[in-house]
Amino acid sequence: MPAYDRRAFIKALSAAPAASILSISNAHAAKVKARVVVVGGGYGGATAAKYLRLLDPGIEVTLIERETVYTSCPLSNEVVSGERAIETLQVGYKGIQKHGVRVVHDEVTAIDPAKKSVTTAGGQNFVYDALILSPGVEFNYGAVQGLSKELAESRLPHAWKAGPQTLLLKRQLEAMPDGGRFIIAVPKGPFRCPPGPYERAAQVAHYCKQHGKNKAKILILDANDSFSKKPLFEQAWKALYGYGPDGMIEWVSGANDGKVERVDPDSLTCHTGFGEHNGDVVNIIPPHSAGKVARDLGLATFKNAWCEVKPESMEATGQKDIYVIGDSCVGGDLATNNAFPKSAHMAMSQAKMAAAALVAKINGLPLPVPVYTNTCYSVVAPDWGFSVVHLYRVENGQWVYIKSGSGISPVTLGTPPKPVPRIYRRLEAQYAEGWLRNVLADAFG
Amino acid sequence: MRKGVMAVVLFWAAGTTMADINVDTLARTCNNCHGLNGVSAGATMPSIGGLPKGYLSKIMKEWKYDKRAAATMNRIVKGFSDDEIDALAAYFSKRRWLPVAQKTSAVQLKLGKSVIRENCEDCHGTYGNDPDIDAPRIDGQSTEYMALELEKYRDEAFDMPHRKMKKTIRRLKDGEVTPVVDYYGAQKR
């Protein structure tokens with residue numbers, strides 16, 4: 001920042017109340033430069049709250065989250081297969097409290113963008129200068145006829161938010177007889193965790209093989225015609241579990257009538273356009289959209305489902321001083337079909353950009369040069385993992401997908417191409433665990 | 001107000017050029033897997049804070065230009081310019097190295113010490129805390145990470161550079177690898 005005179009900046013900052021930098025002056029005492037409320041304490045929200053405090057301890061940060069314990073969705077498919085205890089995915093909020101984040105366990109019931117206030121079910125009211133929404137997703141049960149929230153919690157768990165449903169699905173798998181059929185129904189994209197359903201299929205198959213259920217069938221009924229890391233999954237499924245009509249794992253694409261439109265919860269029958277499939281375990285992932293608090297504010301303007309945000313800051317395009325990060329937002333290079341994947345890592349990347357942009361704004365500094373990254377591991381067996389990485393920059397106010405810094409693990413290597421040596425898969429299975437511990441520490445520690 | 005201003009100055013003091021502002025943003029993307037200030041919380045991923053600038057820059061460029069195999073990192077670094085790589089290397093080299101002394105048995109330490117005397121000490125030092133462009137600090141580095149690295153050097157299917165390291169590692173007997181990583185992983189000076 002050579003052109004910038006630091007002394008002049010500090011002088012200016014001392015003279016002008018910081019609140020005037022923001023559009024509405026809610027900042028009170030001189031000691032607090034601005035008040036930021038973060039709604040949602042998942043990977044995105046926790047990271048945003050923590051990094052705001054790291055970057056500028058003069059900002060008062062309040063995080064509002066319903067639960068006192070967070071359960072990581074990433075790697076929760078390993079809980080279903082019994083490879084991992086759910087406790088290894090759980091973390092509380094003491095870590096971010098140490099950074100001076102005020103954590104409130106309550107449910108947000110209303111947001112008033114005019115008054116810049118957030119109201120909770122517990123009757124509390126929080127005034128903000130800036131608001132960061134990281135509410136995750138809202139499931140649209142009505143999109144699949146016969147499905148409901150009650151059924152998801154009792155008999156047809158989606159387990160697409162890690163927690164009790166993950167354990168319910170695990171118990172259902174354990175009770176499934178040999179020769180049983182495990183159906184995974186995948187909604188039309190975009191959905192949270194693009195490779196998740198296919199990793200789940202592999203983990204379920206791994207469980208079946210480990211427990212002598214060699215005649216089990218895992219049927220993926222998909223509303224889509226392709227999926228994340230497809231060549232890597234297909235290579236692994238084939239090598240480990242058998243893939244196709246005669247294998248343990250079978251995938252039915254949307255074009256082949258894979259979209260589940262109706263379910264009969266009593267007979268456990270999934271109805272597609274022309275066919276029906278009976279399962280012993282039925283795991284329907286309902287379509288979803290931006291979290292309710294964001295929708296209620298009218299921010300879900302993209303396909304009436306996702307929130308549009310500004311590439312340089314993650315601020316909502318439709319609402320000043322409200323930032324939307326994580327699974328609720330839509331971003332990335334849509335023109336080249338390279339949208340931001342809805343992943344934990346991506347949410348953290350967005351959170352850090354939002355925090356840095358907000359701190360710059362509060363302090364009257366130029367916005368930082370944005371960069372967004374993603375790393376996402378899938379584990380298909382204890383010693384077999386692979387990943388996808390993404391890199392996005394912002395040029396001329398638009399996200400640009402940087403192909404040279406993106407891509408999936410190699411499927412083959414060398415000329416003539418040979419399958420990638422096993423050590424690559426072993427390493428990435430190990431890295432998945434290191435990734436998990438690090439992202440949990442970076443977000444919640 | 002004074003306290004608040006101080007905070008801004010500190011936030012700011014990290015750099016005085018636009019490029020430095022950018023490096024803070026870039027470095028924060030590394031934190032996800034390598035930890036705040038490059039101190040890793042995940043045993044299979046290395047701590048990188050406090051490693052020599054030359055070493056960090058060299059291996060990132062080797063990945064970028066396909067001179068060193070990797071399972072994940074080689075794809076990530078290809079999106080960064082050489083200048084960005086140098087800036088990241090400088091940024092993390094300025095963080096503090098925080099060795100985590102991992103416990104091991106006295107027997108293992110003794111065995112490890114005898115193996116490293118013969119094979120590792122010349123480049124990595126007796127305690128693993130004497131780094132250079134080719135030999136990073138490894139005192140108190142995660143043992144799980146170091147074991148995976150040595151597995152890369154021992155597996156012919158994994159294309160690692162550095163003939164001397166490959167030769168040395170491949171001549172170790174199977175039972176000698178674990179004592180070596182346990183020995184260096186237990187160091188904290």
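Let me start with one pair of residues: F182(A) stands opposite I218(A), which lies in strand 12 of chain A. Keep in mind that this is a predicted model.

What joins the two strands here? Six bridges connect strand 11 of chain A, residues 181-186, to strand 12 of chain A. The two strands run parallel.

Now stay with strand 12 of chain A. How many of its six residues are buried? Six of the six are, so strand 12 is largely enclosed by the rest of the structure. Both of its faces are covered. On one side sit K217(A), L219(A) and L221(A), buried. On the other sit I218(A), I220(A) and D222(A), buried as well.

Next, follow the chain out of strand 12. The loop between strand 12 and helix 8 of chain A holds F227(A). The structure has 21 aromatic pairs over all chains. One of them joins F227(A) to W251(A). The geometry is edge-to-face, with 5.0 Å centre to centre and 70° between the planes. This pair links distant parts of the chain, 24 residues apart. W251(A) belongs to strand 13 of chain A, residues 249-252. Are these two residues buried or exposed? Both F227(A) and W251(A) are buried.

Ring pairs build a cluster from Y198(A), F227(A), F233(A), W237(A), Y243(A), W251(A) and F386(A).

Take helix 7 of chain A, residues 196-210, and helix 8 of chain A, residues 230-240. Their axes come within 11 Å and cross at roughly 10°. An angle under 35 degrees counts as roughly parallel, and therefore helix 7 and helix 8 of chain A are roughly parallel to each other. Which residues meet? From helix 7 of chain A come Y198(A), E199(A), A201(A), A202(A) and K209(A). From helix 8 of chain A come F233(A), W237(A) and L240(A). The contact divides into six nonpolar residues, two charged and no polar.

Last stop: a sheet. Three strands of chain A form an open sheet in the order 6-7-8, with antiparallel pairing. Strand 6 (108-112) and strand 8 (125-127) of chain A stand at the edges. Each has a single partner strand, so one side of each is left without a neighbour in the sheet. Neighbouring strands of this sheet are turned by 20° against each other on average, direction ignored.

Where is strand 7 of chain A? It covers residues 117-120. Strand 7 pairs with strand 8 of chain A over three bridges, in the antiparallel sense. T119(A) has N125(A), in strand 8 of chain A, as its bridge partner.

Notes. Residues are numbered from 1 along each chain as its sequence is written. Chains are lettered from A and ligands numbered from 1 in the order in which they are written. This is a predicted model: local features need pLDDT of at least 70, side-chain atom pairs count only at pLDDT 80 or more; totals for chains, interfaces and linings use all residues. Side-chain values use heavy atoms; hydrogens and water are left out. Two strands pair if DSSP finds at least two bridges between them. Helices (H or I, at least four residues) and strands (E, at least two) are DSSP runs, numbered from the N terminus. Axes are lines fitted to C-alpha atoms, for helices over the stretch in contact, and angles run from 0 to 180 degrees between N-to-C directions. Angles under 35 degrees count as roughly parallel, over 145 as roughly antiparallel, 65 to 115 as roughly perpendicular and the rest as oblique. Contact means heavy atoms within 4.5 Å. Ala, Val, Leu, Ile, Met, Phe, Trp, Tyr, Cys and Pro count as nonpolar, Asp, Glu, Lys and Arg as charged, and the others, Gly among them, as polar. Rings of Phe, Tyr and Trp (its six-membered ring) pair if their centres lie within 6.5 Å; planes under 30 degrees apart count as stacked, over 60 as edge-to-face and the rest as tilted. Buried means under 20% relative accessible area, exposed over 50%, partly exposed in between (1.4 Å probe, protein chains only).
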